[in-house]
Amino acid sequence: MTSPLLQVRDLKVHFQVRAGGIFFGTYLPLKAVDGLSFDLSAGETLGIVGESGCGKSTLGRAILQLLPATSGTVAWLGKDLTALDRAELKAHRRHMQIVFQDPLASLDPRMTAGDIIAEPLRNFETGLSSAAIKAKVREMMEQVGLLPSMVNRYPHEFSGGQCQRIGIARAMILKPKLVVCDEPVSALDVSIRAQVINLLMDFQRALNISMLFISHDLSVVRHISRRVMVLYLGRVMELADRDAIYGKPRHPYTQALILAVPIPDPDKERAKPRVLVAGDLPSPLDPPSGCVFRTRCPRATEICARAVPVLESAGVGHEVACHHWRD
Amino acid sequence: MSASVLDLRNLSVRFTTPDGDVAAVSELSLSVGKGECLGIVGESGSGKSQTFLAAMGLLAHNGHAVGEAIFGGVNLVAADESTLNGLRGDKLAMIFQDPMTSLTPHMKVGHQLTEVLVRHRNLKSTAARDRAIAMLRRVQIPEPERRFEMYPHELSGGLRQRVMIAMALLCGPELIIADEPTTALDVTIQAQILDLIRRAKEELGTAVILITHDLGVVAGMADRVAVMYAGRIVELGDVHQIFNAPQHPYTKGLLACTPRLDDATASALVTIPGQPPNLQRLPKGCAYHPRCQNVMDRCRAEKPPLMSAGGGGLKACFLENFGRFQAGAVVP
């Protein structure tokens with residue numbers, strides 16, 4: 001077992017949200033990420049799934065230090081990133097890249113595709129001649145499936161799928177060690193989505209990238225991840241290898257999520273037990289006591305309101321935070 | 001075959017833009033039976049939404065529809081605004097993707113619901129209030145009396161969509177057109193909303209047109225499915241036939257390139273090369289031919305009409321004996 005590239009320990013990201021009152025309003029803590037711990041090894045893809053407001057995007061940003069952590073550590077090759085100053089952090093940034101959800105909004109509309117893809121090189125490889133940069137950009141565009149002749153076009157001249165290819169080229173051009181993909185295919189059409197997923201998986205294998213793949217789409221996450229972490233209201237519900245999560249989910253929330261995903265097969269989809277998760281996501285400003293999922297959980301009992309379930313081992317590399325996972 | 005509720009005949013939709021005309025929908029014919037759920041599948045720009053916005057008389061100002069959309073003996077395309085207003089919200093209801101933009105932000109939920117009943121059923125306000133609250137309860141909104149007094153922004157996305165469904169069901173419509181009703185929602189909420197729509201169909205016998213890009217949603221809900229590409233239907237058939245034995249290469253490609261929750265393999269996904277065509281510069285012949293792996297000379301020259309695909313289905317493709325689709329198989 002190689003030592004993990006990334007070690008996240010008890011990471012918390014809390015926001016202060018103004019509640020009522022214009023002048024003397026009080027501030028409530030919104031615990032977007034509340035005590036997450038996990039490791040990521042080189043070349044591993046960890047899928048992070050959960051519904052809106054579960055903290056999956058905040059987690060990705062906090063790991064890349066794009067958002068300040070409230071407490072906890074994010075160790076990169078043994079070095080705590082949260083303790084570094086700006087200059088030290090910048091040296092690490094070239095190894096850590098992000099691909100965003102909205103392909104058009106994440107590209108500067110006034111820069112050409114070529115300039116966007118070249119920007120990381122200009123920031124981190126200042127010794128390169130402009131001819132060398134041009135050559136690298138050309139090569140990168142070919143790799144992501146864009147015609148190099150499009151180098152002088154602006155983002156609005158590209159389709160959504162092509163814009164996402166530009167975003168991927170920008171993220172991959174420095175051959176990063178860690179890439180956070182935040183819903184990279186959610187805005188794309190079905191036929192384009194498959195192309196972009198394949199592209200990301202090709203890069204991941206070729207460069208042996210560690211990837212955090214954040215998505216609400218459990219089907220896509222199953223396809224791309226080696227391990228999967230299920231979040232709910234800022235906490236880990238379950239963390240396990242892909243096949244364990246999908247084959248033997250232990251947490252009632254994971255089970256409910258998987259059952260809720262429609263399968264494109266009328267026979268299977270109609271034969272599925274129709275168990276619905278009741279109710280709505282509770283307000284993250286006023287999360288339930290004890291287990292945060294208990295208000296919607298079919299198995300909730302009195303202990304769930306009293307005690308916060310800790311992550312327990314339910315098998316090799318399989319962790320569950322539920323009082324009743326054995327039942 | 002039961003009588004049809006909505007009959008589209010040669011419906012075309014064009015948009016006039018500064019860059020020239022865009023043919024969003026071309027000569028589309030389709031009918032929906034009583035109590036039937038018809039799934040409309042397609043990617044962005046396939047015309048799946050514009051077809052039914054045109055039928056509802058809700059096209060943007062630069063849009064223009066020709067052809068017929070017969071609903072209860074009335075051609076909706078040619079009908080005047082007051083006829084349409086009499087039907088919409090009464091016999092003909094619509095649910096949109098984003099409930100925040102389809103509810104009026106400055107009106108209380110209750111007022112928006114009772115307005116429908118006062119307008120279409122001439123109810124007094126107290127009677128309307130009772131009916132509206134009963135409907136909110138029926139769509140499983142907790143504390144309906146309290147929600148009745150709330151503004152849309154005070155509700156979650158799932159609750160807002162429930163309000164939209166309650167509004168759609170208030171007058172007992174014959175047809176609900178649901179345009180991506182669950183796309184903006186989380187999966188657990190999506191399952192709740194789909195269940196509501198399914199119950200409306202089963203208990204009230206309402207016909208449903210379900211427009212979506214999500215093949216999984218269609219597989220669970222639809223009786224028949226129409227697959228659209230570049231403003232035309234490329235395949236139409238029974239849901240089992242569409243999913244188990246698709247007869248059009250595009251349908252087959254769409255199914256193959258969708259990652260499935262029940263698929264444990266991590267091999268590369270099958271892809272459809274290229275991207276959907278620009279509607280202003282549609283390729284000659286079959287619009288799908290530049291992306292089709294089974295393309296023949298004829299496809300580049302002639303537009304394939306909808307023809308029998310066996311099993312009661314229709315396809316717009318010249319290929320004959322297109323093989324049975326096997327899950328996970330690579331598209332030839």
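Analyst: Let's begin with strand 1 and strand 2 of chain A, which pair in the antiparallel sense over 12 bridges. Please keep in mind that this is a predicted model. To find your place in the pairing, look for Val8(A), which stands opposite Phe38(A) in strand 2 of chain A.

Now step back to the sheet itself. In chain A, 4 strands form an open sheet in the order 2-1-4-5, and the pairing is antiparallel. Strand 2 and strand 5 (79-80) of chain A stand at the edges with a single partner strand each, so one side of each has no neighbour in the sheet. Helix 1 (residues 56-63) of chain A packs on this sheet and touches strand 1, strand 2 and strand 4 (71-76) of chain A. The direction of helix 1 makes about 120° with that of strand 1 of chain A.

Arg9(A) and Asp39(A) meet in a salt bridge, at 2.8 Å from N to O. Arg9(A) lies in strand 1 (residues 6-19) and Asp39(A) in strand 2 (residues 26-40) of chain A, so this pair ties together parts that are 30 residues apart in sequence. Are these two side chains buried, exposed or partly exposed? Arg9(A) has 34% relative accessibility and counts as partly exposed. Asp39(A), at 27%, counts as partly exposed too.

Chain B gives you another strand pair to look at. There, strand 1 (residues 4-17) and strand 2 (residues 20-33) run antiparallel and are joined by 10 bridges. A hairpin connects strand 1 of chain B to strand 2 of chain B through 2 residues. Within this pairing, Leu11(B) has Leu28(B) in strand 2 of chain B as its bridge partner. Chain B also has a salt bridge between Asp21(B) and Arg14(B), with the closest N and O atoms 3.4 Å apart. Asp21(B) is partly exposed at 38% relative accessibility, and Arg14(B) is partly exposed at 40%.

Salt bridges turn up elsewhere as well, and the count over all chains comes to 37. One of them joins the side chains of Glu145(B) and Arg137(B), at 2.8 Å from N to O. Glu145(B) counts as partly exposed at 40% relative accessibility, as does Arg137(B) at 46%. Salt bridges can also link up into a network, as they do among Arg138(B), Asp195(B), Arg198(B), Arg199(B) and Glu203(B).

Next, turn to the rings. Over all chains there are 6 aromatic pairs. One of them is formed by Tyr232(A) and Phe293(A), an edge-to-face pair with 5.1 Å centre to centre and 85° between the planes. Tyr232(A) lies in strand 9 (residues 227-232) of chain A, and Phe293(A) in the loop between helix 10 (266-271) and helix 11 (302-306) of chain A, so the pair ties together parts that are 61 residues apart in sequence. Tyr232(A) counts as buried at 1% relative accessibility, and Phe293(A) is buried with a relative accessible area of 1%. In chain B, Tyr229(B) and Tyr288(B) form an edge-to-face pair, with 5.1 Å between centres and 85° between the planes. Tyr229(B) lies in strand 9 (residues 224-229) of chain B and Tyr288(B) in the loop between helix 11 (249-256) and helix 12 (297-301) of chain B, so this pair ties together parts that are 59 residues apart in sequence. Tyr229(B) and Tyr288(B) are buried. Back in chain A, ring pairs link Tyr232(A), Tyr253(A) and Phe293(A) into a cluster.

Rings can have charged neighbours too. The charged end of Lys90(A) sits over the ring of Phe124(A), 5.6 Å from its centre. In chain B, the charged end of Arg298(B) sits over the ring of Phe318(B), at 3.9 Å from the centre.

For a last stop, find Arg300(B), which lies in helix 12 of chain B. Arg300(B) is partly exposed, with a relative accessible area of 40%. The C-alpha atoms of Arg300(B) and Tyr288(B) are separated by 9.5 Å. Leaving aside neighbours within four places in sequence, Arg300(B) is in contact with Lys284(B), Gly285(B), His289(B) and Val295(B).

Terms used. Residues numbered from 1 in each chain as written. Chains lettered and ligands numbered in written order. Predicted model: local features only at pLDDT ≥ 70, side-chain atom pairs only at ≥ 80, totals over all residues. Heavy atoms only, no water. Salt bridge = Lys/Arg side-chain N within 4 Å of Asp/Glu carboxyl O. Buried < 20%, exposed > 50% of the residue type's maximum accessible area, 1.4 Å probe, protein only. Pairing = 2+ DSSP bridges. Contact = heavy atoms within 4.5 Å. Axes fitted to C-alpha atoms, helices over the stretch in contact; angles between N-to-C directions. Phe/Tyr/Trp six-rings, centres within 6.5 Å; stacked < 30°, edge-to-face > 60°. Lys NZ or Arg CZ within 6 Å of the ring centre and 35° of its normal.
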